[in-house]
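Me: I have a model open and would like to learn how to read it. Can you take me through it feature by feature?

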Amino acid sequence: QVQLVESGGGLVQTGDSLRLSCVASGRMRDIYTLGWFRQAPGKEREFLSALAWIYSDRYYLDSVRGRFTISRDNAKNTLYLQMDRLKPEDTAVYYCAAARTGPISALPQAADYWGQGTQVTVSS
């Protein structure tokens with residue numbers, strides 16, 4: 001089992017930045033992929049970014065590439081999502097997810113564990 005706990009959400013203004021954190025605990029040696037999703041009201045969950053926990057592979061949704069940066073601190077078992085130049089359309093609940101398998105681009109189909117989510121609201 002792996003537990004994921006997100007934090008760092010909040011209410012910000014257009015153009016601001018936020019850094020989300022996802023602290024993982026449990027059998028991390030079983031994890032291959034970690035990533036971020038978001039879900040806005042009335043919309044489907046959207047796959048944003050992922051990385052391989054012990055390799056250098058990265059994935060980004062085209063619409064957030066260049067504004068969002070995924071990173072990790074293996075010593076702290078923590079995944080991050082740095083979000084810059086935020087827009088009102090970035091308003092959503094942001095979720096961390098983990099999978100025991102790769103490739104990282106398959107996380108939407110392969111996710112084994114989910115966090116509870118953290119709300120990000122961007123005002124105009």
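**Strands, rings and cores**

Reply: Let's start with a pair of strands: β4 and β5 run antiparallel and are joined by 6 bridges. Strands here are DSSP runs of E, at least two residues long, numbered from the N terminus, and two of them pair if DSSP finds at least two bridges between them. Before we go on, this is a predicted model, where local features need pLDDT of at least 70 and side-chain atom pairs count only at pLDDT 80 or more, while totals for chains, interfaces and linings use all residues. Residues are numbered from 1 along each chain as its sequence is written, and side-chain values use heavy atoms, with hydrogens and water left out.

Me: Which residue in β5 is the bridge partner of Phe37?

Reply: Phe37 has Phe47 as its bridge partner in β5. β4 and β5 form a hairpin with 6 residues between them, and Gly42 in that turn has a positive phi of about 75 degrees.

Me: What does β5 pair with through 3 bridges?

Reply: That is strand β6 (residues 58-60), antiparallel to β5. Here Leu51 stands opposite Arg58, and a hairpin of 5 residues joins β5 to β6.

Me: Is β5 enclosed or open to the outside?

Reply: The term to know is "buried": under 20% relative accessible area, with exposed over 50% and partly exposed in between (1.4 Å probe, protein chains only). Strand β5 (residues 46-52) has 6 of its 7 residues buried, so the rest of the structure largely encloses it.

Me: Now the open sheet: what is the order of its 4 strands?

Reply: Read across, the order is β1-β3-β8-β7, with antiparallel pairing. β1 and β7 (68-73) are the edge strands, each pairing on one side only. Neighbouring strands of this sheet are turned by 20 degrees against each other on average, direction ignored. For such angles, axes are lines fitted to C-alpha atoms (for helices over the stretch in contact), and angles run from 0 to 180 degrees between N-to-C directions.

Me: Which residues face each other across that sheet?

Reply: Take the strand pairs in turn:

- β1 (residues 2-7) and β3 (residues 18-26) pair over 6 bridges, and Ser7 stands opposite Ser21.
- β3 and β8 (residues 78-83) are joined by 6 bridges, with Met83 as the bridge partner of Leu18.
- β7 and β8 also run antiparallel, joined by 6 bridges, and Arg72 stands opposite Leu79.

Me: How many aromatic pairs does the structure hold?

Reply: Rings of Phe, Tyr and Trp (its six-membered ring) pair if their centres lie within 6.5 Å; planes under 30 degrees apart count as stacked, over 60 as edge-to-face and the rest as tilted. The structure holds 4 such pairs. One of them is Phe37 with Trp114, tilted, at 4.8 Å centre to centre and 55 degrees between the planes. Phe37 lies in β4 (residues 33-39) and Trp114 in β10 (residues 113-114), so this pair ties together parts that are 77 residues apart in sequence. Phe37 is buried at 4% relative accessibility, whereas Trp114 is partly exposed at 34%. Phe37, Phe47, Tyr59 and Trp114 form one aromatic cluster.

Me: What sits over the ring of Trp114?

Reply: The charged end of Arg45, 4.3 Å from the ring centre. The rule is that NZ of Lys or CZ of Arg is within 6 Å of the ring centre and within 35 degrees of the ring normal. Arg45 also lies over the face of Tyr95, at 4.3 Å from the ring centre.

Me: Which residues touch the most other members of the largest nonpolar core?

Reply: In soluble globular proteins, nonpolar side chains tend to be buried together. A nonpolar core is a set of buried Ala, Val, Leu, Ile, Met, Phe, Trp, Tyr and Cys residues joined through side-chain atoms within 4.5 Å. Of the 31 residues in the largest one, Leu4, Leu34, Leu81, Met83 and Tyr94 touch the most other members. Apart from it lies another core, of 10 residues, among them Ala50, Tyr95, Ala97 and Leu107.

Me: And where is Cys96 found?

Reply: In strand β9, and at 0% relative accessibility Cys96 counts as buried. Contact means heavy atoms within 4.5 Å. Leaving aside neighbours within four places in sequence, Cys96 contacts residues including Leu4, Cys22, Leu34, Trp36 and Trp114. The C-alpha atoms of Cys96 and Phe37 are separated by 6.4 Å, though these residues are 59 apart along the chain.
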